[in-house]
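Subject: Structure for your review

Dear colleague,

Please find below the sequence and structure that I am handing over to you. My notes on it follow.

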Amino acid sequence: MTVERSIPRGILGFPVTPMNEDLSINYESFQENIEFLIDNGLTSVFIACGAGEFHAINEKEYEQLIIKAKETVQNRVPIYTGVGGKITEALRQTELSAKHGVEGYLILPPYLIDPSQDGIYAYLKSIIESTDLNAIVYQRDNCILTLDTLKKLAEIPQLVGFKDGVGNIETNVEFTQALGNRLAWINGMPLAEVTMPTYLNIGFDTYSSAISNYIPYVSRQYLNALLNGNEEKVKQIYEDVIFPIHNIRKQKKGYAVSLIKAGMNIVGLAVDTHVRPPIAPVEQHHYDALTEIINLAKEKYVEVPGGSVNSNS
């Protein structure tokens, strides 16, 4: 298998892992979610990552998610998996990813330990070099890199991208200035649309979008307005949709996942609100508030035949 050393740009798709009432995985809904993302123009799918409840999935389920994703995608867009946690489990995940021929993986932080820079380097290097697949490092939580560490990792050809979930702009400017287009730069902040204007100005042209799982037309219009310098449209979407959803998201830990499932449920996709512990489902009053936001989004931004929308663009 020849691996292309690049990743898609723009808006990346991070499907959830739908659960039945008994918290078993609903693979049929998972495949429908992926199809929905592809149909709505997302350039890739990242399965079994944070939004996909990576922390709560066992090895058998993990492999089955890869198989189901491959069946659905049929080479239309690249598939990336989430890998990480315990190093032995991470290496098993990279092995399964390579076995089933995905394009690459996003490396999540190590389990529990707050490592030194040489420890982080060894952890990431072991995972990156374990296969010939593309690798993206994810800076967040206990995986915080210095420029020197990232420079050393960038010497490994399999490393193609850097995703930031911390928000230290000074550090990110250092990274992009030092490494330029050696890596793809991905905004992975919570509800990344909130911070994307700042990230775009320092070289991050790609981001992961939670709201694309249920209102992809909003994230698409938002990015187009941002890239085209339509400040009024960006401001309008912020006020109508992004800030209100972000304010709900901040109300409770775990809403990074459960609020996505609630949104999908509200718009009629085949996803229930069930999540595995320690994540908790969305509370009813937050579900109701999200419903109001989505209804407004449909009223003002839903796309109609011919490519126009119900809002000034």
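How many of the residues of E3 are buried? In this predicted model, 7 of the 7 residues of E3 are buried, so the strand is largely enclosed by the rest of the structure. Strand E3 runs parallel to E2, and 3 bridges join the two. Within this pairing, Ile-47 stands opposite Thr-81 in E3.

Aromatic pairs

The structure holds 8 aromatic pairs. One of them is formed by Phe-46 and Tyr-80, which are stacked, with 4.8 Å from centre to centre and 15 degrees between the planes. This pair links distant parts of the chain: Phe-46 belongs to strand E2 (residues 45-47) and Tyr-80 to strand E3 (residues 79-85), 34 residues apart. Phe-46 and Tyr-80 are both buried.

A further pair is made by Tyr-222 and Tyr-238. Their ring centres are 5.7 Å apart and their planes stand at 65 degrees, so the pair is edge-to-face; the cut-off for that class is an angle over 60 degrees. Here too, distant parts of the chain are linked, as Tyr-222 lies in helix H8 (residues 216-227) and Tyr-238 in helix H9 (residues 231-249), 16 residues apart. Tyr-222 has a relative accessibility of 0% and counts as buried. Tyr-238, at 11% relative accessibility, also counts as buried, because the limit for that term is under 20%.

Tyr-111 is found in the loop between strand E4 (104-110) and helix H4 (117-128). Is Tyr-111 buried or exposed? Its relative accessible area is 52%, and Tyr-111 is therefore exposed, as the term applies over 50%. Together with Leu-112 and Ile-113, Tyr-111 forms a nonpolar patch on the surface, and the three have about 380 Å² of accessible area together. The ring of Tyr-111 also has a charge over it: the charged end of Lys-86 sits there, 5.7 Å from the ring centre.

A charge over a ring is found at Tyr-121 as well, where Lys-152 lies over the face of the ring, at 4.2 Å from its centre.

Yours sincerely

Notes: Residues are numbered from 1 along each chain as its sequence is written. This is a predicted model: local features need pLDDT of at least 70, side-chain atom pairs count only at pLDDT 80 or more; totals for chains, interfaces and linings use all residues. Side-chain values use heavy atoms; hydrogens and water are left out. Patches are made of residues with over 30% relative accessible area and no salt bridge: like charges are joined within 9 Å, nonpolar side chains (Val, Leu, Ile, Met, Phe, Trp, Tyr) within 5 Å. Accessible areas come from the Shrake-Rupley method with a 1.4 Å probe; for residues, only the protein chains shown count as cover. A salt bridge is a side-chain nitrogen of Lys or Arg within 4 Å of a carboxyl oxygen of Asp or Glu. Helices (H or I, at least four residues) and strands (E, at least two) are DSSP runs, numbered from the N terminus. Buried means under 20% relative accessible area, exposed over 50%, partly exposed in between (1.4 Å probe, protein chains only). Rings of Phe, Tyr and Trp (its six-membered ring) pair if their centres lie within 6.5 Å; planes under 30 degrees apart count as stacked, over 60 as edge-to-face and the rest as tilted. A charge sits over a ring if NZ of Lys or CZ of Arg is within 6 Å of the ring centre and within 35 degrees of the ring normal. Two strands pair if DSSP finds at least two bridges between them.
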